[in-house]
Amino acid sequence: MTSSVVSIWLKSEESMPYDPGRALITRVCETRDIKPAIAGRIKPSFFDDDNDREVWEWITGRYERLGKVPSLALLMSHFPDFEPEETEDDLDLIIETVKDKRLYADLQIAVKRIANEAKGDPNEALKVLKAEAATLAVKYSRSGTLDLTKSADLIRKKIRLFTKKKGLLGISWPWERLNKSTRGARKGHFYAFYGDPGTMKTWLLIYILDYMHRFEAARPILFTQEMPAEDMMVRWAALRACIDYEDFQNGELSKKEIKRFYSELDHLHEDLPFLVEELDATGTSGLTEIQAKAEEYDANVIGIDGLGDLCGDAEWGTWWQVCKGIKNLSRRRRVPTIGTHHTNRDRRKTKKYDPSKEKDAQDVALGEALFRYTDGLFRVVRTPQNEECEEAMIHSKKVREGKPCRFTVHARPALDFGQKRADD
């Protein structure tokens with residue numbers, strides 16, 4: 001809370017007549033400008049007094065119908081009991097004061113609710129805490145509004161950036177064809193790779209994050225629910241040392257390979273953090289936990305292995321909320337989020353795959369929500385022929401701000417997942 005907002009609040013505590021809610025209503029009617037309050041998402045529930053809530057609903061209702069804000073005199077003729085609050089404070093400052101005061105009150109209510117739950121079951125209290133945090137984060141979001149007519153300087157910066165980057169506008173993918181298609185993994189974008197079981201989706205996700213970590217100075221955090229963090233660690237270590245994963249698991253590494261492995265391990269501490277987090281929560285609680293961890297470790301790339309596990313159930317509505325939540329999280333944090341998902345059981349085609357006939361997203365499990373909210377959706381395919389050739393095909397189903405693509409990568413666990421050929 002800013003010092004100016006605090007001073008207003010303290011003024012209201014010391015001298016009771018000052019009311020930020022009434023000051024807001026008065027200032028809006030005096031200036032005949034309600035747009036800053038609308039941009040600040042001021043709602044009737046932000047006002048302490050029932051009469052003030054009614055007055056605010058009347059003002060916003062007239063503005064929605066007529067496009068004009070009533071004068072203070074007109075307001076007084078409809079609500080003679082309303083007492084205008086004289087103030088010299090800036091409208092934006094008053095708006096922030098009203099929001100902060102309401103947030104403080106809501107926090108007190110949430111704390112009491114959590115404390116009551118804690119008396120019975122601390123685990124239930126933790127669930128309530130996560131749910132309350134998610135609700136308040138949405139209600140008091142400070143995401144900004146951009147006036148396009150006043151964005152000339154920002155557009156100039158974008159032009160210079162486009163020229164400098166030569167088309168690569170985000171963090172580089174490990175595959176040239178995907179970079180050409182998407183212009184990189186861009187800030188605020190949500191990407192998903194989905195496929196049948198056994199198509200090496202988890203391996204591909206680890207490979208993508210490792211590439212960004214090593215060559216793009218990224219700070220990734222990988223969330224997992226199905227696979228323990230230690231298993232992710234072992235896969236990543238074998239990938240870093242370029243060791244055949246089957247030989248590694250069988251304990252059949254040569255002395256030369258073991259020496260190379262240990263040499264790689266000796267230098268890991270010099271790198272930026274690469275975090276793996278086991279995620280237990282689902283739904284809004286899970287999304288809150290992902291956001292909190294990403295903020296805590298200042299991660300600039302988020303990976304989620306098993307998007308469907310975030311649902312907690314197979315309900316269609318829950319899946320839409322999860323997909324929308326991940327997209328909003330990516331946008332707010334201004335980071336790319338990359339997840340894995342599975343195909344619809346009824347549409348699995350492991351024996352034969354025809355890209356020309358697989359243009360829709362009906363093969364995505366749990367419905368079309370993933371297609372709606374992702375900025376890039378890619379099907380991972382391994383036909384018997386692909387398996388024999390130790391490869392996997394990646395076929396775009398959707399690329400926002402880009403072009404479709406289809407390419408094949410090597411699929412040799414921990415040894416090679418590089419691009420093999422462009423199929424389009």
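Q: Does Arg32 count as buried, partly exposed or exposed, and at what relative accessibility?
A: The model is a predicted one. Arg32 sits in the loop between α2 and α3 (35-39). Buried means under 20% relative accessible area and exposed means over 50%, with partly exposed in between. Arg32 therefore counts as partly exposed, at a relative accessibility of 47%.

Q: What is the phi of Arg32?
A: Arg32 follows helix α2. Its phi is positive although Arg32 is a residue other than glycine. The value of phi for Arg32 is near 60°.

Q: What span should helix α2 have, and what is the distance between its end C-alpha atoms?
A: Helix α2 covers residues 20-31, which is 12 residues. The expected span is 1.5 Å times one less than the number of residues. For α2 that gives 16 Å, and the distance between the end C-alpha atoms agrees, at 16 Å.

Q: Are α2 and α4 roughly parallel or roughly antiparallel?
A: Two packed helices are described by the angle between their axes and the distance between the axes. The axes of α2 and helix α4 (residues 50-66) come within 10 Å and cross at roughly 25°. Angles under 35 degrees count as roughly parallel, so α2 and α4 are roughly parallel.

Q: Which residues of α4 meet α2, and is the crossing left-handed or right-handed?
A: On the α2 side, the residues are Arg22, Leu24, Ile25, Val28 and Cys29. They meet Asp52, Val55, Trp56 and Ile59 in α4. The crossing of α2 past α4 is left-handed.

Q: Are α11 and α13 roughly parallel or roughly perpendicular to each other?
A: The axes of α11 and helix α13 (residues 255-266) come within 9 Å. They cross at roughly 110°. Angles of 65 to 115 degrees count as roughly perpendicular, so α11 and α13 are roughly perpendicular.

Q: What is the phi of Cys242, and what is its relative accessibility?
A: Cys242 is placed in the loop between α11 (229-241) and α12 (245-249). Its phi is positive, about 55°, although Cys242 is not a glycine. Cys242 counts as partly exposed because its relative accessibility is 36%.

Q: Which residue just after α14 takes a positive phi?
A: Helix α14 (residues 283-296) has 14 residues and should span 20 Å, and its end C-alpha atoms are 20 Å apart, which agrees. Its buried residues include Leu287, Ile290 and Ala294. Just after the helix, a positive phi of about 55° is taken by Asp298.

Q: Which side chain makes a polar contact with the side chain of Asn386?
A: Asn386 lies in helix α17 (residues 384-388). At 8% relative accessibility, Asn386 counts as buried. The polar contact, at 2.8 Å, is with the side chain of Glu391.

Q: What distance separates the C-alpha atoms of Cys389 and Arg412?
A: Cys389 is in the loop between α17 and β7 (391-399). With a relative accessible area of 37%, Cys389 is partly exposed. Cys389 and Arg412 are 23 residues apart along the chain, and their C-alpha atoms are separated by 9.8 Å.

Q: What share of the contacts with a separation of 6 or more comes from residues 24 or more positions apart?
A: The chain has 17 helices and nine strands. Of its 424 residues, 45% count as buried. The share of those contacts is 68%.

How values were computed:
Residues are numbered from 1 along each chain as its sequence is written. This is a predicted model: local features need pLDDT of at least 70, side-chain atom pairs count only at pLDDT 80 or more; totals for chains, interfaces and linings use all residues. Side-chain values use heavy atoms; hydrogens and water are left out. Helices (H or I, at least four residues) and strands (E, at least two) are DSSP runs, numbered from the N terminus. Buried means under 20% relative accessible area, exposed over 50%, partly exposed in between (1.4 Å probe, protein chains only). Axes are lines fitted to C-alpha atoms, for helices over the stretch in contact, and angles run from 0 to 180 degrees between N-to-C directions. Angles under 35 degrees count as roughly parallel, over 145 as roughly antiparallel, 65 to 115 as roughly perpendicular and the rest as oblique. A crossing is left-handed if the near helix is turned anticlockwise from the far one by less than a right angle, and right-handed if clockwise. Contact means heavy atoms within 4.5 Å. A polar contact is a pair of N or O atoms within 3.5 Å; within protein, one must be able to donate a hydrogen and the other to accept it, and residues adjacent in sequence count only if both atoms are side-chain atoms.
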